[in-house]
Every structure is written in C-alpha cells, then in structure tokens.
Amino acid sequence: MNGSSLPLSKKLTHLKRVAETTATAAAQCKSLLEHCAKTKSLRTTKGVHAHTITLGLLQSLSSTHLLSLLTAAYALCGHTLYACKMFDELPQRTLLSYRSMIRMHTQKGFPNVALKIFGEMLRSDEHKPDRHTFPYVIRACSDLFLLQQGVAIHGLTVISGCMWDTFVGNSLLSMYMSCGDKEGARRVFDAIQVRTVVTWNTMISGYCRNDSPKEALMIYRRMEDAGVDADCATVLSLLPACGCLKDFEIGREVHSLVEQVGFWDNLSVRNAVVDMYVKCGRMDEARLVFEKMIDRDVVTWTTMIHGLISDGDIKNALWFSRRMQLEGVKPNAVTLASLLAACASLPHLRLGKCLHGWAIRQDLQADVNVETSLIDMYAKCNCFRLSYQVFVQTSKKRTVPWNAILSGCLHNELAREAIELFKFMLSEAVKPNDATLKSVLPAFAIEADLRQALSMHSYLVRSGFVTRTEVATGLVDIYSKCGNLDNGHKIFNGIPNKERDIILWSTLIAGYGMHGHGKTSLSLFNEMVQSGVKPNEVTFTSVLHACGHAGLVDDGLCLFNFMLRNHSDSLRTDHYTCMVDLLGRAGRLEEAYELIKTMTFEPSNAIWGALLGACVIHENVELGELAARWLFNLEPENTGNYVLLGKIYSAVGRWKDAENVRHLMNEVGLVKAPAQSVIG
C-alpha cells in the first residue's frame, strides 16, 4: 500500500511524524554545530554539514539559523574558504554570521576585510553590534593603526552601552596604545569601572611600547595599591621598563616577586630578569641569575654576550660565545651581530674575519642584521674594500645595509663616495630614513659644494624630510660650510621656536663664527639663552671661537665669566684654550697666564701651545720659555714647539739661545719636517 491510498487522517499523521523527525534532526544538528564552534573541530563541522545536506535540512524555509551556525562553525575553525562561501550564500545574514566573519578575518590577519564586513552590517540597519562584536572590530582598527576609525567605534560602544564591558574596554585600551594615543588610553582606563589584571597589563605594556617606561612603573604602583596581583604578563612588561630606566631597585623588587610567586619556571621571565640586570649595568647580578638557570636558550646567551660587550669585557664575551657552542646552543643572527659590533668597537679585523667565516658556516651571512654588522665592522676596521664587497652581495632593497655603507664611507673619509652611493640608492628606489640622512648629510658638509647642497635641499623639501629638526640642522651645517649663511639662516627661521634644540642653535652659531661674524654669533647666543634653551659645552666653544676669530676680547671675557658663574660644570679644556688664544692674540699675555693658573684641572698641551704661539707673535721670552718647558714635558716629540721657542729667541736677538734649541732638538733625535711646495 503506498502513501497515496492512505486515508486522510493517516496521511496527516505521517506528515506530522516526518516533520517531527526533521525538526528533531535540525535541533540535533544545531546542538552539534554549537559544540563544533566551541571545540573548533573542523572534521566534525564538515560531518554535520554533510548530514544536513543529506537530510535536506538546508532547503527548508527555516534553515537560516542553521546556515548561520554552519558559517560560524567554519569561521571559528578558521576555514576561511568554507566560511566565506556559506556567508555569501546566506539568504539572510544574522548577527551571529556577521560576528563570526568579523572575528575570523581579524584573527586571520585580514583586518581590512573585517572592517568592510562591519560596515556592511551597520548599513544593513538590521543588526546592532554587541559586546562580542566590538572587541574584534576595535582590534582590526588597532592592527591597521586607524585611530580616527577607532575613535568613531569607541563612540558606538558608548551609545550601545557596551563601553562598560571589560573585554570591550580592554580592547579600546589596546587600540589607543597601538595607535600611540596615550591620553586616549588613559581616558578609557579612568572610565573602566572593573579593572582586571588584563586591564592593568594593557596599560603597562602600552606605556612601554610608547617609550614611556616611567608611566608604566607608576601604573604598576597603582595596580599594587588596588590589590591586584601581578601575573607573568605584568612581569614581562615591567622588567624591560626597569631596564630602560636603569631602575635597579624596582627591577630587583620585581625579581623577588618572580621568585616568590612562582614565575621562575617561565624561561621568558628568567631571560627578562637577566636582560633587566644587563641594561641596569649590573653584570655581576646578571651573571648570578644566569648561572642559577638550569636551562638556557639562545636569547639567554645572547643577552649575556651583548651585556659583556656593552660593559667593555670583550674577552669574556668571546669566552661566553665559545661556551655557548660547547653547551649545544646554536648562535643566531643577533648573537653574531653583537660579536661583530664588539670587533668594530675594538677595532679587531682578524677576529671580525673569523666571525665572518663562522657566519658563513652557520648560514647566517644573508641575515640583514649580520650583513649590516659585517659592513659596519669592516668599515670601522678601516678596511672599506671588504666592507663594500659585503655590501654589493646584499639584496640592496633594504635601507639598513645602505645606511651602514654610507656611515662607513664617512668613517673612512670618503665623503664624495658617500654622496655617489646615496644617489645610487635613490636610483634603486630604496627609501631613505632618518638614519640614512644622519649618515649622508655630513658628507655634503665636508665636500662644501654649493651646487650639490642646493640639489640635496630640493630633494629634502620634495620628500618632506626638511621639516625635521635633525635634517634642518644638517642643512644649516652644509650651507655654513659652503659659506652661504643666508640660506642656512632661512632654514633655521623655518623651524618653530619650540622645536629648535641646542644642536640646531649651536650649528648656526658656529657657522657665523667660522666666517668671522662674531657679533652675530654672540647675538644668536643671547637669543638662544633668552628662549630658554640651555647652552652646552659645544655652544660655549663655538661662541668663544667666534670671539677669537673676530677679535672680540671683552665680549669673550664677559661670556667666559658668565660660564664661571652659571655653567661652571660645563667648563672644559677647549674653553680655556679659546680664552688663552683670545687674550694672547690681543697681547694680554699676563692675563692669559693668570687664567691658566686659576684652572682646577691640569692644563693641556693645547692650552700651553696657544700661549706659546701668542708669545711668538708678541715676542714675550719669559712666558714663552715657561710654556715651552711644559710642552717639552707633555709632548717631547713635537718639533713645532722647539721651532716656536727658537723663533722667539731669534726675534729678540738671542741667537745663542736659538742655536741651543736646535742642538737640543738634535740631542733628543728630532728632525724638523721639511717644507713642501705645491709648485712642481
């Protein structure tokens, strides 16, 4: 008997049973999919999906919720292809489907897609984002550094009432910190009513990432006062902050906390403790922690090696590198870069070559840190040929190796080569950064070629670099060396008053002084002091030199007395040399000698040399003999001092004494360097 011959009552009963069976199957599938979403089981999700197709559950009018669950399950399992296909085929998109797709794309590293879906959700005007949606949208803004969009979404959280959810609040904190808006983060933090350890950690790590370690430690103190216990994440943010500030006391306090609470089993925490002591300059404490560690990784060893190198203990650093290998820990690129930096600072070419060979054996020579360190090491060891050989083997697409070779050119006094390499860098479409300009701008100053200076200035204007104070300072120096003070002063005037630092002021002052404009240098110095910028020892030297070049004796004395009264801690040998030279040239030799006698530290050969030179000009035998005796002791092999004393004797007709000076030179084995002529 088939279904068509059944009585009507039995047909209805049959249909009811089928409907009940379908409803039961749908309910079971929904339950399974919710379980799949929680467990993130892709295999089970696929199985349930196949079952729904077999039973025809996706064909019914009420299948939207089931399709949304399938979309969410695939999204939570991270299967982007299936999730997107299900989402695109949804007859009606639900809040669950939107939420799961936004979450998946954010977690998979496609924040722009997540924001696009969120925008579509808002435009549909059918679904309102909730506390489960906002955190992932906020994170997408954070990943893309979209502060303005993040602020707009912050406003939506306030309107929807989700702002008070802890997860949403923490997401906003992280977003503001990632975008560098510390004040925005602080306002959110102050508004959060229930602060968990994650809230506090987000603020602490955020301040650390934004170069505000002091504020990070202040937040930690507030966290302690609030009675919130620190966790591993807290410690891993605090220890670098202590190292950055060189705050040994708080660092040791955090170390004690690590051992008391039981975080010592975490290798990352132990490494952070070692790093903190290294940065605080406490190598003995770092060594004690290091030796106490049972297991150490390459980070532990590299931290110790870098610390020993920074401490100037190269011998122990090399011993640690050998010990590291004996213990079976393979060095990484950072380890090698640190050791190469040590060779550069010594300098030690032979050892650097050995490390180069080691890099090749370890297959690390192509790492950008190693490449850069090799270029720098060979340049600092005055072997520019090898430095350039390493450079030509790099990909030439990264900025860092270019910066190293440009810096190497300057170290080896190859200014013209540095300029040509910089032009080649631009032709290769490699984007310069601040470090590039720091390396190449002095080369233009050395060459003092006004045509090239104007060309470089045009490039800096086009690229937008010229507004930066460091770059403006370099340009002022270049124009000063080229003798074009007007252009240098125009650039200086283009920098806002609050951004003019001591280096910029000193460069302009030195430029005017170099070309004999002593009055202008003094005027600029007074303007600088009145603007609130505190002069340093370089500034004082520049102004005193300017007074010397222009013969402004009284002005120089006035400035020197100002230094004695207000900046005595800045007094250096150069300042006394300038004053002795200034007074000596003016014939005020007794005053110059009296000034030398008032010095609180031993006069240098430069000071006595300035006095001796002035004595030659003014034929002062008595003080000339005094200065010469000091110079014979300080630099006995300098023939120039003997020649100058001989000139004084000859000038006043003491020929016998002049002859005796020549005999004295012969006795100590000194020969006057022969004169040279540029005429062929």
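Beyond its neighbours within four places in sequence, serine 142 is in contact (heavy atoms within 4.5 Å) with Ser174, Met175 and Ser178. Serine 142 lies in helix H7, residues 134-143; helices here are DSSP runs (H or I, at least four residues), numbered from the N terminus. With a relative accessible area of 8%, serine 142 is buried, a term for under 20% relative accessible area with a 1.4 Å probe, protein chains only.

The model is predicted, so local features need pLDDT of at least 70 and side-chain atom pairs count only at pLDDT 80 or more, while totals for chains, interfaces and linings use all residues. Residues are numbered from 1 along each chain as its sequence is written, and side-chain values use heavy atoms, with hydrogens and water left out.

Helices H23 and H25 pack against each other, with axes (lines fitted to C-alpha atoms over the stretch in contact) 8 Å apart and at an angle of about 30°. The two are therefore roughly parallel, the term for angles under 35 degrees. The contact residues of the pair are as follows.

| Helix | Residues in the contact |
|---|---|
| H23 | Thr399, Asn403, Leu406, Ser407, Leu410 |
| H25 | Ala435, Thr436, Ser439, Val440, Pro442, Ala443, Ile446 |

In this contact, 7 residues are nonpolar, 5 are polar and none is charged.

Buried residues of H25 include Thr436, Leu437, Phe444 and Ala445. Among the elements that cover the buried residues of H25 are H23, H24 (415-427), H26 (450-463) and H27 (469-482).

Conventions. Axes fitted to C-alpha atoms, helices over the stretch in contact; angles between N-to-C directions. Parallel < 35°, antiparallel > 145°, perpendicular 65-115°, else oblique. Nonpolar A, V, L, I, M, F, W, Y, C, P; charged D, E, K, R; others polar. Buried < 20%, exposed > 50% of the residue type's maximum accessible area, 1.4 Å probe, protein only.
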